[in-house]
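These are my notebook entries on a structure that is new to me. I looked up a few points and wrote down what I found.

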Amino acid sequence: MAIQSILFFGYLGDLLGRSRDFDVSDDPVTVRDMRRLLASAGDDVAAAVLNPCVRACVDGMIVRDDAPVRRGQEIAFIPPLSGG
Amino acid sequence: MGCTVRLSPGPLAPDAELRDFLQIVAGKGAIVNFVGVARPVSQAGLPLTGLYLDHYPGLTERTLAGIAASACALFPVEDVVIAHRCGLVEPEQPIVFVGAAAMHRRAAFLAADYLMDRLKTDAGFWKREDDASGSHWIEPTGHDRQDRERWSQPHAGN
């Protein structure tokens, strides 16, 4: 069991907290695995992280679902950008 | 040639931005600048009490830098600056200052137009309008997306 902090932005930050710790039992290999593991934390989290409009970031870069993730990397989920 | 990007949680002073830009671009023949200001009315038509620009430090700056670099690659401009607010902006306060300098005016106008169309859809912000009915996260309008698409067409902007 390991604790993974996840960052949320925009409306997701309001819903789930700006930064939230999750127990992640398995070692996720890809962003897709991470979404699946986080989704077990509750319906509200599942609705956010399984939403295909919600993109994942690893170490501050927007990545695809097949991107690799390793322990210690910064993981964030972001809604569609609003623009400036 | 230079691309400058600044993101600030504090007030934006367009007059000071323009003064600084004019110094940097001394010798260029054409300088265009644009100032975007928080509208006093929300999308719901109510008086706006505040506009909050949430950002992801690092990612947001990279989106701004990418947009500035694209403008420099697409148009014969010498210098480009984007100064953008983040955090809580009061109604009628400046949100963004954009400057483009070129040897000739057409490129400067096009680059400034392009920068704003890209910023309105692709800048890494999440905007929340606060009005009497509550707080509402907003996304780019259809109009914003149409403006953005203009630059995907052949002979973009002409």
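Entry one. I looked up A:D59 and found it partly exposed, because its relative accessibility is 42% (buried is under 20% relative accessible area, exposed is over 50%, and partly exposed lies in between, with a 1.4 Å probe and protein chains only). A:D59 sits in the loop between β3 (55–58) and β4 (61–63) of chain A. Its phi is positive, about 50°, although A:D59 is not a glycine. I noted the background: most residues other than glycine have a negative phi.

I also noted the ground rules. This is a predicted model, in which local features need pLDDT of at least 70 and side-chain atom pairs count only at pLDDT 80 or more, while totals for chains, interfaces and linings use all residues. Residues are numbered from 1 along each chain as its sequence is written, chains are lettered from A and ligands numbered from 1 in the order in which they are written, and side-chain values use heavy atoms, with hydrogens and water left out.

Entry two. I turned to B:E92, another residue other than glycine with a positive phi, here near 70°. I found B:E92 in the loop between β5 (87–89) and β6 (94–102) of chain B. With a relative accessible area of 55%, B:E92 is exposed.

I read through the elements of chain B and found four helices and eight strands (DSSP runs numbered from the N terminus: helices are H or I with at least four residues, strands are E with at least two). Their order along the sequence is β-α-β-β-α-β-β-β-α-β-β-α.

I checked the size of chain B. The C-alpha trace spans about 50 × 35 × 25 Å along its principal axes. Of the 158 residues of chain B, 46% count as buried.

Where does chain B meet chain A? I found 19 residues of chain B in contact with 20 residues of chain A (contact means heavy atoms within 4.5 Å).
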